[in-house]
Amino acid sequence: MPAAPSKVIVPKYWRGELERVLIAEHEIQTRVAELARQLQHDYARRELVIVALLNGTVMFLADLVRHLELPLRLDFIGVSSYGKGTTPGRLHVTKELKVDVRGRDVLLIDDILDTGRTLKAVSAKLKRFRPRSLKTCVLLNKQARRVEKIRADYIGFQIEDFFVVGYGLDFAEQYRNLPFIGVLHEKIYLAGNK
Ligand code: XMP
């Protein structure tokens, strides 16, 4: 599902920092409910372990799981690959998995699939625990910058090569609280990359 530019205008408070709203709140909510229906169908009556990557998945995860009527366990892996800028660096694990995923159906959730380095590295890490199955689900897919050969099994929206923030996604830990996905003004991240 490609994200067509939203007709919703940037709320006044954020106008100095955001160029535009890429995906409006109601569009996110509709699509998240659709994704949940698909997951509900595919995992019907199976026990599922959702492993979500911190911190960008917080909103997506919270909205998605509330639609699911499944025996569900939740755990988190903390990874960080960005400093203040928008260029990916080395991947650091900041929180390890606690739930035992051996022999279980696992769904790995991330906010955005960009170069693919994060999802590839974390998938490889999870496979070492020998889950029964491992699938991946991302809210956003930014194909343009893909470096690793990896595709997600469930995708919310296809987006072009913009640096996006909001609905959990950050720039320098800010903007996670926006209920929509917005495109950050270049001047903000160019200043941050210095
Ligand atoms: P990779 O490149 O490893 O990226 O696929 C995955 C992680 O990078 C972050 N990321 C972004 N964060 N706006 C953000 O706020 C973006 O446009 C963006 N692109 C990548 C994100 O944390 C993701 O988990």
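Visitor: What should I know before reading the values?

Guide: This is a predicted model, in which local features need pLDDT of at least 70 and side-chain atom pairs count only at pLDDT 80 or more, while totals for chains, interfaces and linings use all residues. Residues are numbered from 1 along each chain as its sequence is written, and side-chain values use heavy atoms, with hydrogens and water left out.

Visitor: How is a pair of aromatic rings described?

Guide: By the distance of the centres and the angle of the planes. Rings of Phe, Tyr and Trp (for Trp, the six-membered ring) pair if their centres lie within 6.5 Å; planes under 30 degrees apart count as stacked, over 60 as edge-to-face and the rest as tilted.

Visitor: How many aromatic pairs does this rule give?

Guide: The count is four aromatic pairs. One of them joins phenylalanine 163 and phenylalanine 171, edge-to-face, with 6.0 Å centre to centre and 80 degrees between the planes. Phenylalanine 163 and tyrosine 189 have ring centres 6.1 Å apart and planes at 55 degrees, so this pair is tilted.

Visitor: Where do phenylalanine 163 and tyrosine 189 lie?

Guide: Helices (H or I, at least four residues) and strands (E, at least two) are DSSP runs, numbered from the N terminus. Phenylalanine 163 is in the loop between strand S7 (154–158) and strand S8 (164–165), and tyrosine 189 is in helix H4 (residues 186–193), so the pair ties together parts that are 26 residues apart in sequence. Elsewhere, Tyr13, Trp14 and Tyr175 form one aromatic cluster.

Visitor: Are phenylalanine 163 and tyrosine 189 buried or exposed?

Guide: Buried means under 20% relative accessible area, exposed over 50%, and partly exposed in between (1.4 Å probe, protein chains only). Phenylalanine 163 has a relative accessible area of 16%, so it is buried. Tyrosine 189, at 18%, counts as buried. Phenylalanine 171 is buried as well.

Visitor: Which residues come nearest to the ligand?

Guide: A residue is near a molecule if one of its heavy atoms lies within 4 Å of it. There are 16 residues around the ligand, and Thr115, Gly116, Thr118, Val164 and Asp170 come nearest. Strand S5 (105–113) and helix H3 (117–127) each supply at least two residues of the shell. S5 gives the most, with four residues.

Visitor: What kinds of residue make up the shell around the ligand?

Guide: Ala, Val, Leu, Ile, Met, Phe, Trp, Tyr, Cys and Pro count as nonpolar, Asp, Glu, Lys and Arg as charged, and the others, Gly among them, as polar. The shell divides into seven nonpolar, three polar and six charged residues.

Visitor: Which side chains have a polar atom at a listed distance from a ligand oxygen?

Guide: Aspartate 111 has a polar side-chain atom 2.8 Å from an oxygen atom of the ligand. For threonine 115, an N or O atom of the side chain is 2.5 Å from a ligand oxygen. For threonine 118, the distance from a polar side-chain atom to a ligand oxygen is 2.4 Å. The ligand taken alone exposes 500 Å², and the protein buries 92% of that.

Visitor: Which residues does threonine 57 contact?

Guide: Contact means heavy atoms within 4.5 Å. Leaving aside neighbours within four places in sequence, threonine 57 is in contact with Ala52, Ile109, Asp110 and Asp111. Threonine 57 is in the loop between S2 and H2 and, at 0% relative accessibility, counts as buried.

Visitor: What are the buried residues of helix H2?

Guide: In helix H2 (residues 58–65) they are Phe60, Leu61, Asp63, Leu64 and Val65. These residues pack against helix H1 (25–42), strand S2 (48–54), strand S3 (72–80), S5 and strand S6 (133–141).

Visitor: Which backbone angles deserve a look?

Guide: Most residues other than glycine have a negative phi, and most peptide bonds are trans. Here the peptide bond from leucine 54 to asparagine 55 is cis, with omega near 0 degrees. Asparagine 55 lies in the loop between S2 and H2. Arginine 45, not a glycine, has a positive phi of about 60 degrees. Arginine 45 sits in the loop between H1 and S2 and is exposed, with a relative accessible area of 79%. Alanine 172 has a positive phi near 50 degrees. This alanine 172 is in the loop between S8 and strand S9 (181–184), and is partly exposed at 25% relative accessible area.

Terms used: A polar contact is a pair of N or O atoms within 3.5 Å; within protein, one must be able to donate a hydrogen and the other to accept it, and residues adjacent in sequence count only if both atoms are side-chain atoms. Accessible areas come from the Shrake-Rupley method with a 1.4 Å probe; for residues, only the protein chains shown count as cover.
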